[in-house]
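Subject: Handover of a structural model

Dear colleague,

Please find below the model that I am passing on to you. My notes on its surface, helices and charged pairs follow.

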Amino acid sequence: GEEEVTEHNASIDRFADKWRALKPAQPGSDALNLSDASAVSKVFEDLEGWQAQFEDLVAKGNQLADSCASFGMDKPTFDGVDPLKRDLDLTCGSFELLKAYGDSLELIADKS
């Protein structure tokens, strides 16, 4: 019911705060040394973990919405999800570009 929705919104907010505090620096910023392969590889692992946690939050929100609907309650809103998804997608997208660029460089290096 309503308590679960409130608790879930709080979980989304906590996740968003943690994400903003701990998300990786954008590629090209001084905070991330791109020549440090293990640091870059850790970023990819971390991003996978963030995405998995986010997907769990979304799934739980969908379950709550379904159970509210089955009890004839209004569909709950989880306002924090969309901005969080945009930021997560943007950060992951930057690193996917970086990965593709790195893979291209390796291919070029292998051919020479």
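Leu 105 counts as partly exposed because its relative accessibility is 42%; here buried means under 20% relative accessible area, exposed means over 50%, and partly exposed lies in between, with a 1.4 Å probe and protein chains only. The residue lies in helix H3, which covers residues 81-111. Helices (H or I, at least four residues) are DSSP runs and are numbered from the N terminus. Together with Tyr 101 and Ile 108, Leu 105 makes a nonpolar surface patch of about 330 Å². Patches are built from residues with over 30% relative accessible area and no salt bridge, where nonpolar side chains (Val, Leu, Ile, Met, Phe, Trp, Tyr) are joined within 5 Å and like charges within 9 Å. The accessible areas come from the Shrake-Rupley method with a 1.4 Å probe, and for residues only the protein chains shown count as cover.

Please note that this is a predicted model, in which local features need pLDDT of at least 70 and side-chain atom pairs count only at pLDDT 80 or more, while totals for chains, interfaces and linings use all residues. Residues are numbered from 1 along each chain as its sequence is written, and side-chain values use heavy atoms, with hydrogens and water left out.

Helix arrangement

The axes of helix H2 (residues 37-70) and H3 come within 11 Å and cross at roughly 150°. H2 is therefore roughly antiparallel to H3. Axes are lines fitted to C-alpha atoms, for helices over the stretch in contact, and the angles run from 0 to 180 degrees between N-to-C directions. Angles under 35 degrees count as roughly parallel, over 145 as roughly antiparallel, 65 to 115 as roughly perpendicular, and the rest as oblique. The H2 and H3 crossing is left-handed, a term that applies if the near helix is turned anticlockwise from the far one by less than a right angle, whereas clockwise gives a right-handed crossing.

For H1 and H2, the axes come within 11 Å and the crossing angle is roughly 165°. This makes H1 roughly antiparallel to H2, and H1 passes H2 in a left-handed crossing. H1 and H3 have axes that come within 10 Å and cross at roughly 30°, so these two helices are roughly parallel to each other. The crossing of H1 and H3 is also left-handed.

Phe 44, in helix H2, counts as buried because its relative accessibility is 17%. The C-alpha atoms of Phe 44 and Phe 95 are separated by 7.6 Å, although the residues are 51 apart along the chain. Ala 25 is found in the loop between H1 and H2 and, at 27% relative accessibility, counts as partly exposed.

Salt bridges

The structure holds 5 salt bridges, each defined as a side-chain nitrogen of Lys or Arg within 4 Å of a carboxyl oxygen of Asp or Glu. Side chains of opposite charge can pair when their charged atoms come close.

One of the bridges joins the side chains of Arg 14 and Glu 7, at 3.0 Å from N to O. Arg 14 is partly exposed at 46% relative accessibility, and Glu 7 is partly exposed at 43%. By contrast, the C-alpha atoms of Glu 7 and Arg 86 are separated by 22 Å, with the two residues 79 apart along the chain. Arg 86 is found in helix H3 and is exposed, with a relative accessible area of 57%.

Another bridge links Arg 20 to Asp 17, with the closest N and O atoms 2.8 Å apart. These residues are separated by about one helical turn because they stand 3 residues apart in helix H1 (residues 2-22). Arg 20 is exposed, with 53% relative accessible area, whereas Asp 17 is partly exposed at 46%.

The side chains of Lys 23 and Asp 87 also meet in a salt bridge, at 2.9 Å from N to O. This pair links distant parts of the chain, 64 residues apart: Lys 23 is in the loop between H1 and H2, and Asp 87 is in helix H3. Lys 23 counts as partly exposed at 30% relative accessibility.

Yours sincerely
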